[in-house]
Amino acid sequence: AELQRKGDELVRLMVKASGACHLTLVNIDTSGKALVLYPNEFDRDNLLKPGEQRMIPGREASYRFRLPLTAPERFVAICEAGEPVP
């Protein structure tokens, strides 16, 4: 997904899995630099159940995603079945 933003904003992403999998969310900036946003040191449980919908970060999370740039941002969600990738 690509987001157009006007300025410094807090961002939450909603994901849903059709089958059980371990979710990884990656942000790719305009220069092509990738940063793993989730799982992270504050939220390590990335197992989604079939049909589960999850907001990241959740309402009670101790972290936030703040994107201060005005350029478009790209987010990639990867959901892998089986054991989590370290």
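These legends describe close-up views of a predicted model. Local features need pLDDT of at least 70 and side-chain atom pairs count only at pLDDT 80 or more, whereas totals for chains, interfaces and linings use all residues. Residues are numbered from 1 along each chain as its sequence is written, and side-chain values use heavy atoms, with hydrogens and water left out.

**View 1. The stacked pair of Phe 42 and Tyr 63.** Rings of Phe, Tyr and Trp (its six-membered ring) pair if their centres lie within 6.5 Å; planes under 30 degrees apart are stacked, over 60 edge-to-face and the rest tilted. The structure holds two aromatic pairs. In this one the ring centres are 6.0 Å apart and the planes meet at 20 degrees, so the pair is stacked. Phe 42 is exposed at 53% relative accessible area, whereas Tyr 63 is buried at 7% (buried is under 20%, exposed over 50%, partly exposed in between; 1.4 Å probe, protein chains only).

**View 2. The tilted pair of Tyr 63 and Phe 65.** The centres lie 5.6 Å apart, with 50 degrees between the planes. Phe 65 is buried, at 9%. Phe 42, Tyr 63 and Phe 65 form one aromatic cluster.

**View 3. The disulfide between Cys 21 and Cys 79.** The S to S distance is 1.8 Å (a disulfide is a pair of cysteine sulfur atoms within 2.5 Å). The S-S torsion is about 70 degrees, so the disulfide is right-handed. Cys 21 lies in β4 (residues 21-28) and Cys 79 in β9 (residues 73-80), so the bond ties together parts 58 residues apart in sequence. Cys 21 is buried at 7%; Cys 79 is partly exposed at 35%.

Notes: Helix = DSSP H or I, 4+ residues; strand = E, 2+ residues; numbered from the N terminus.
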